[in-house]
Amino acid sequence: MAFARTTFALTRTLVLLAGASTLNLASIMTATAQDAAQDRTASEQSDNAITVTGTRIRGVAPVGSSLIQVDREELVRSGQTSTADILYNVPSVLSLGTGELRSGGASQQGNDLTALVFNKSANLRGLGPGATLNLVNGHRAPHEGATMSAFDGDNIPAQLLQRVEIVADGTSPIYGADAVAGTVNFIMRAPETAFEVYGQYGWTDGRTSYQGTLVGGYNWGSGGVIAAYQRTHFDRLSALDRPHLYSDDFSPFGGAPPSDLSVPGNIVVNGVNYAIPRGQNGTALTLAQLGAAGSTNRANSWVGYDAAPESDRDTFAVNFRQNITDWLELFADGFSSDRDFDMNYISQGTKVTVVVPNSNFYSPCNHSLTGAPAALITACGTGALTVKYNTLYDSGPGRRSGYDKGWNVTGGVRIDLPLEWEATVSYGVGQHDENAITRYFLGNGLPSFPELAGATAATAFNVFCDASQFACNPASMTSRISGVDLNTLTVDRIEDTQVNLDGPLFSLPGGEVKLAVGVERYYEAFINTNNFGSTPSKRHVESYYGELFVPIVGEGNRVPLIYSLDLNVAGRVDDYDDVGETRNPKYGINWSPTQDLRMHASYGTSFRAPGLIDNNPFAQHGYIPFGPYPGNVVTASLCGGCAAKPGLAFYSALGGAAGDLQPEESESYSIGGDWAPEGIPGLTLSANYWNIEYTGQVGTPVYNAGPFQAVNQQYYNQYIVYNPTLFPQFAANNPVAFFGAFPTVNLQNAACAAVYGQKVTTQAQFNNLIACVNSGGDGGLFGPPFDPSNVAAVESGHRINGGSTKADGWDLSAEYQWDSSWGHMRVGGIAEYITAWDVAPVAGAPSTDQNNQFGYPPQFKFRGNVGWSDDVGPGDLSANVFLNYTNSYHIDASLLPGAVGAQYTEIESYTTTDLSLIYEFGDQAGLASNVQIAFSVQNVFDDQPPLVLNASGVGGILFDPSNASPLQRVFQLQVGKKF
């Protein structure tokens, strides 16, 4: 604490010093500004005028931190046209938690809200998308995702980007909230005279895409503008186009087979199935035609569903500069993105068990009984048959569709002040709207249909037909099968005003001491609306900051082993009107013992304020019933009676906290070096060690763990209300009903009122709790209701300041470029190696080593590259081969499907190869002048993702979508021309 107080005493001194200097400068600005300013054009600026990510001071690279730059050459060389996908090639940038390929599976639990509309977002270090700050040209943009924690890199067309800069180090002392793991800055091309056209077509098994892009710009000398428009389309990818990845059949691995609630269905008598034959329409079915006792129809839960959505996106981005005088420049930039999507989204609520009276016209009890098994004849004698069925082909599949729209405009002025100072004043405003309509089937519609007793073909519902091959029932009946459309609309609007001053203070022998100071006023309003109401929230933030750069040793005072020595000190105070004040310092040092070797180190603290939705108890409030699961998914030693339950359910309560969340905090340091030996031109080597402790993380740890996994892991009991009959040993310590005095509970509901404010320790109380939830007494129930006796537990999915992460590792990179008689060669690689990843998911839980565990970043990721380029014919040809490697890792046995063997806790390593071939015609090639043709293949050898038995979520899958793509091999062809 003394360390931090010293830093902020210094920061306040810097701010006061700068304020006094600014007053003095402002008083003489009018008289001397033209003499002091340097001419600036729209497309050319001196190195001293450039501010890079990680610092507020012009002409200075981040001190103490590594800066990764993905420039235009790298963007083109990758052969990919998605900005977000290109960034995922950087090992420290993970896709954990976001993306379009996020359907089903344990690792996807926390993504349901973050990527509600399947947007992509960078996730530095794997600490969560909300711990990565995304900037556009150095300024903030509206948050995306239902949890306000994402930003889709595809908002900016890749063809309009000059580079993307990544600082994988805490940068809250520079930029404020969210920069816990670091900052990603999307930097647009400077205005220039240009007109470019690009067309792209991509394909993989089961899916195609296309993209068209126009880029236009004009430089008129004193200023300029450049803009791009892009249209992108992706087809949907059916899950059954990847049957080896999307399946809930775990029987080959010792687990449960797929559900017997299928099409065709099964008649069940005394727990024994008799399969309804395939390929018939049920009009003349007899008991003798049914399968033998024990025969069972089963169906993959993914039948009829998609692995990736169909989508259409229109994006527009623009960058503008205009010199008004030789000391005053106007600037502005903006983007808009409009994406529509549609996906057959997996829903278990089409699985039903119905009782069909003999009066049903189609009942085989009404046809010949000759040759029928005695058990079936006896069942007919009871007056009805029980049928396990799936309404998928009658009602249609579950579905998620909607839109994702965002825009942001930032403008301002740069003023050249005397004494080489510069003032930047900017104002930005933006908004992001996203809407998702998700159709869930509740499973309670068909069982109550009077048509199940219909006596004529026109009035009877036919469950004895193979609906996968026949239209078994009229639309007048199927349209009434009960489903609910959950309509979620989120709107995030920001306004951001900044004033920044930076310039030199005085000179030392080592160089100029420079200072940047500034103030920022930030406003954010957020509203979440769903079927159950609207939840608006807003906040104001006042911030001030200072940053000091001191070149202790430089050109004027070098000594042996100290070629240069630079120090940077930064500090920032952010005052929130809802969660209080937070102060964060950062220290950085660069030491170069020789000209070709730079060592660097940094220390700092960062923070992330809870999202407005996180602290709102009404936001996204409701319950999701997960199940039915076979009873053996719960460890037998915890629940002896669960195995006998054929359909076990787990209720998860969703929604924000009760307004008591505090900012997340982090403390981090790093040390590393960069070496470009003079004796080996073209060689660069870098290594950086990083260490971070991240506490008070806001999240939904119980929900993320998975419904039955949370019970099996036994970390979360303070957030679980156990069924007292099934878990008598835990029920005495059950928490209060509804997990606190939430204002969302309807106390006019008798069942709700009976348990409100009470610890749920008896079966009667538990039954009232379930009755309250089933009747909508505490928000909505987003799925079929279950009888209390079959509900194992009610789990808190509310947001909490849950746990902590302590992690450290290494960033490594190497590159060597050289010219030979047969062209320019390049070989290199970039890697991340994690040495520790200790996690306590909730306060009070033991810290466990999750390094190299499923659901967390892999221990080692590597991307290597071999490239060649040369003049060939009328242009330049380049070829690049990329090798992607993720090491083997583990999945906890408690996350495996029930009865699956422990040998499946080991997940194999995964290696894929990418290829790009690019030919660029020169400007003397006639009609082909300045034409670029790029052909690329991701996963050249179509390598399948390694097997991961992943049973959680709404459908089992057989791989880990956080570390492997279900698309597998993807071809892309792009043709562009510059006029």
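The structure holds four disulfides. The model is a predicted one. With the bonded cysteines numbered in sequence order, the pairing reads 1-2, 3-4, 5-6, 7-8.

Three of these bonds are described here in turn. Cys465 is bonded to Cys472, with 1.9 Å between the sulfur atoms. The torsion about this S-S bond is about -60 degrees, so the disulfide of Cys465 and Cys472 is left-handed. Cys465 and Cys472 are both buried.

Cys639 pairs with Cys642, again as a disulfide, at an S to S distance of 1.9 Å. Here the torsion is about 90 degrees, and the bond between Cys639 and Cys642 is therefore right-handed. Cys639 is buried, as is Cys642.

Cys752 and Cys772 are also joined, with S to S 1.9 Å. This pair links distant parts of the chain. Cys752 lies in helix α12 (residues 750–755), and Cys772 lies in helix α13 (residues 763–774), 20 residues apart. The torsion about the S-S bond of Cys752 and Cys772 is about 90 degrees, which means a right-handed disulfide. Cys752 has a relative accessibility of 0% and so counts as buried. Cys772 is likewise buried, because its relative accessible area is 0%.

Charged pairs were examined next. Side chains of opposite charge can pair when their charged atoms come close. The count in this model comes to 35 salt bridges.

One of them joins Glu192 to Arg189, with the closest N and O atoms 2.9 Å apart. The burial of the two partners was then compared. Arg189, at 4% relative accessibility, falls under the 20% cut-off and therefore counts as buried. Glu192 has 30% relative accessibility, so Glu192 counts as partly exposed.

A salt bridge also forms between the side chains of Glu310 and Arg236 (3.1 Å, N to O). The two residues are 74 residues apart, and the pair links distant parts of the chain. Glu310 sits in strand β15 (residues 310–323). Arg236 occupies the loop between β10 (223–234) and β11 (237–238). Glu310 has a relative accessible area of 28% and is therefore partly exposed. Arg236 is partly exposed too, because its relative accessible area is 24%.

Asp914 and Arg863 form a further salt bridge, in which the closest N and O atoms are 3.1 Å apart. The contact runs between two strands: Asp914 belongs to β41 (residues 910–921), and Arg863 belongs to β37 (residues 860–872). The pair links distant parts of the chain, 51 residues apart. Asp914 is buried, and Arg863 is buried as well.

The surface carries a nonpolar patch of about 500 Å². Tyr201, Trp203, Tyr210, Ile933, Leu973 and Val975 make up the patch. Strands β8 (194–204) and β43 (970–978) each supply at least two of its residues. Tyr210 lies in strand β9 (residues 207–219).

The overall fold was described last. The chain has 13 helices and 43 strands. Its C-alpha atoms fill a box of roughly 105 × 70 × 50 Å along the principal axes. For 979 residues, a compact globule would have a radius of gyration near 30 Å; the chain has 31 Å, which agrees. Buried residues make up 59% of the 979 residues.

Contacts across the sequence were also computed. Among contacts between residues at least 6 apart in sequence, 74% join residues at least 24 apart. The accessible surface of the chain comes to about 35,600 Å². Carbon and sulfur atoms account for 57% of that surface.

Notes
Residues numbered from 1 in each chain as written. Predicted model: local features only at pLDDT ≥ 70, side-chain atom pairs only at ≥ 80, totals over all residues. Heavy atoms only, no water. Salt bridge = Lys/Arg side-chain N within 4 Å of Asp/Glu carboxyl O. Buried < 20%, exposed > 50% of the residue type's maximum accessible area, 1.4 Å probe, protein only. Helix = DSSP H or I, 4+ residues; strand = E, 2+ residues; numbered from the N terminus. Disulfide = S-S within 2.5 Å. Patch = residues over 30% accessible without salt bridge, like charges linked within 9 Å, V, L, I, M, F, W, Y side chains within 5 Å. Areas by Shrake-Rupley, 256 points an atom, 1.4 Å probe, with all protein chains shown as cover. Rg over C-alpha atoms; globule rule 2.2 N^0.38 Å. Contact = heavy atoms within 4.5 Å.
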